[in-house]
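Today I wanted to look up the charged side chains and how they pair.

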Amino acid sequence: MTDTSSRIAAGQPAPDFTLLDADGVERSLSDFRGQRVIVYFYPEAGTPGCTTEACDFRDNLNSLKSAGYTVLGISRDKPAKLKGFEDEQGLNFTLLSDPDKAVHELYGAWGEKSLYGKTVTGVLRSTFVLDEEGVVTLALYNVKATGHVASLRKKLKIDA
């Protein structure tokens, strides 16, 4: 049970945004124009599933970069928490802070979901792949933390 009214689909331009990174520096999606970008939304830095997913991106970053992709992770965590997460896990890609969930909502990555049989409102673990012009080529909602990057690599036809 998820709200699908504000979901983004392949072929749509990705909504631009400006957020603070783990170092407190403003980063805009438009800064990455000319690059293919993977933008993923996750619930909370340091939690087991989010750590698994982030470390999976970390461990696959060289092959993603070789295939021409830049990775951006977005959560509601404040920059200081993101910095701790980045340092603790040796993360080698940009983490962005969206504490008011405005960007989550722009991308349809915030809404109702089922959690342990209950309906709750929160982050919908989601991933978007953008082309060099900022157009969404792949929109994935309610992904699983474990195995997500391997699945994404298959969808993007990146050799393991």
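I'm counting a salt bridge when a side-chain nitrogen of Lys or Arg lies within 4 Å of a carboxyl oxygen of Asp or Glu. I also kept in mind that this is a predicted model.

I looked up D77 and K81 to start: their side chains form a salt bridge, with N to O at 3.6 Å. D77 counts as buried because its relative accessibility is 8%, while K81, at 35%, is partly exposed.

Then I checked K83 and E86, where the closest N and O atoms are 3.3 Å apart in a salt bridge. Both sit in helix α2 (residues 79–89), and they are three residues apart, so about one helical turn separates them. K83 is partly exposed at 27%; E86 is buried at 13%. I noted that this pair belongs to a salt-bridge network linking D23, K83, E86 and D87.

Next came R58 and D59, a salt bridge with its closest N and O atoms at 2.8 Å. R58 is partly exposed at 22% relative accessibility, and D59 is exposed at 54%.

How many salt bridges does the count come to? I get nine. For the charges overall, I have 19 positive and 22 negative, with mean positions 6 Å apart.

Last, I zoomed out to the whole protein. I find four helices and nine strands, and 49% of the 160 residues count as buried. The radius of gyration is 15 Å, which agrees with the value near 15 Å for a compact globule of 160 residues.

Key: Residues are numbered from 1 along each chain as its sequence is written. This is a predicted model: local features need pLDDT of at least 70, side-chain atom pairs count only at pLDDT 80 or more; totals for chains, interfaces and linings use all residues. Side-chain values use heavy atoms; hydrogens and water are left out. Helices (H or I, at least four residues) and strands (E, at least two) are DSSP runs, numbered from the N terminus. The radius of gyration is taken over C-alpha atoms; the globule rule is 2.2 Å times the number of residues to the power 0.38. Buried means under 20% relative accessible area, exposed over 50%, partly exposed in between (1.4 Å probe, protein chains only). Lys and Arg count as positive and Asp and Glu as negative; His and the chain ends are not counted. The place of a charge is taken as NZ of Lys, CZ of Arg, CG of Asp or CD of Glu.
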